[in-house]
Amino acid sequence: MVEEHPWITTLHLADVIDNLPSQGRIYLPTASYAEMLKWALNPTAFLQLENFENELKGRNLYEENVMFVPWRLLEKFLAKYPESNHMHKKMLRIAERARRLAEKKDVPQDVRDNIWAGQCNDPYWHGVFGGLYLPNLRFPVYRNLLQAEAKLDAMESLAPVRVEESDFDCDGTREILIESDDMNLYFKPDVGGSLIELDYNQSGSISSTFSRDGKKATIGD
């Protein structure tokens, strides 16, 4: 880069938009580096893709045809790992609630900060060195989301206990959501009425527990 600097000019994106003509339309998929997109696949699909790519490489056809290898969607992490999907839907629920409230009154910046911190990308998927499988990464996400939720509760006139029936995790079946100032309990009737989330919210102590099909992972204490 240093050797080539006489003919390389760096520009801010705003300068590019203002000074250079468009070269056409392009749509970018939600994507990451190739290995992570493979890890988003289920094991069978992962092996099939590996075999397909190896077949192309064995015939010296991979480099010139790699653009035709089907795109893998990063969102498949949400389908592969229920913990990731559950956390994602919790984030969307609270973010949407804040958005609706902002149409009626000012939402404090600290609430927005909590939601943005709860959108930190690393805990929603995984790489080689960390991610979804580390509870110490998931815990700050839940902590910030629950802090935002508690602040939103304080801004609204809510019943002491609220009960809602809705498809919280977007799997086509309804969950029972029981929420109060102190605790949230989410139940899944189609899995024997399992408790899939328990949030305990008091001053200085916020935690969340995810349970599914008899397996439990404690997010915080």
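Start by selecting C120: at 38% relative accessibility, C120 counts as partly exposed. The terms go like this: buried is under 20% relative accessible area, exposed is over 50%, and partly exposed is in between, with a 1.4 Å probe and protein chains only. Now pick C170, which is exposed, with a relative accessible area of 54%. How many disulfides does a search of the whole structure find? It finds 0, where a disulfide would be a pair of cysteine sulfur atoms within 2.5 Å.

Before moving on, a word about what you have open. This is a predicted model, in which local features need pLDDT of at least 70 and side-chain atom pairs count only at pLDDT 80 or more, while totals for chains, interfaces and linings use all residues. Residues are numbered from 1 along each chain as its sequence is written, and side-chain values use heavy atoms, with hydrogens and water left out.

**Stop one: helix 6**

Select residues 82-102, which make up helix 6. Helices (H or I, at least four residues) and strands (E, at least two) are DSSP runs, numbered from the N terminus. Show the side chains of R100 and E96: they meet in a salt bridge, 3.8 Å from N to O. A salt bridge here is a side-chain nitrogen of Lys or Arg within 4 Å of a carboxyl oxygen of Asp or Glu. Side chains of opposite charge can pair when their charged atoms come close. R100 and E96 both sit in helix 6, 4 residues apart, about one turn of the helix. Buried or exposed, or something in between? R100 is partly exposed at 43% relative accessible area, and E96 is partly exposed too, at 30%.

**Stop two: from helix 6 to helix 8**

Next, select R97 and D153. They form a salt bridge whose closest N and O atoms are 2.7 Å apart. This pair links distant parts of the chain, with D153 in helix 8 (residues 135-155) and R97 in helix 6, 56 residues apart. D153 is buried, with a relative accessible area of 10%, and R97 is buried as well, at 15%.

Go to K188 and D171, whose side chains meet in a salt bridge of 2.7 Å, N to O. Here again distant parts of the chain are linked: K188 is in strand 3 (residues 183-188), D171 is in the loop between strand 1 (161-166) and strand 2 (175-180), and they are 17 residues apart. K188 is buried at 0% relative accessibility, whereas D171 is partly exposed at 36%. Across the model, the count comes to 20 salt bridges.

Stay on strand 3 and colour its two faces. In a regular strand the side chains alternate between the two faces of the sheet. N184, Y186 and K188 form the covered face of strand 3, and M183, L185 and F187 form the uncovered one. Strand 2 and strand 3 pair in the antiparallel sense over 4 bridges; two strands pair if DSSP finds at least two bridges between them. Find L177, which stands opposite Y186 in strand 3. A hairpin joins strand 2 to strand 3 through 2 residues.

**Stop four: the enclosed space**

Rolling a probe the size of a water molecule over the atoms shows where empty space is left. On a 1 Å grid over the protein atoms alone, a cavity is a set of points where a 1.4 Å probe fits but cannot get out, and a pocket is an open set with protein on both sides within 12 Å along at least five of seven lines; lining residues have an atom within 4 Å of a point. Grid points are joined across faces, edges and corners, and a volume is the space filled by probe spheres set on the points.

The count comes to 1 cavity of 30 Å³ or more, and the largest cavity has a volume of about 70 Å³. Select its lining: L146, E149, A150, D153, S180, D181, D182, M183, N184, D199 and N201. Helix 8, strand 3 and strand 4 (194-202) each give two or more residues to this lining, with the largest share, 4 residues, coming from helix 8.

The largest pocket has a volume of about 320 Å³. Of its 16 lining residues, select R93, R97, R100, E156 and E179, the closest to its centre. Helix 6 gives the most to the lining of this pocket, with 6 residues.
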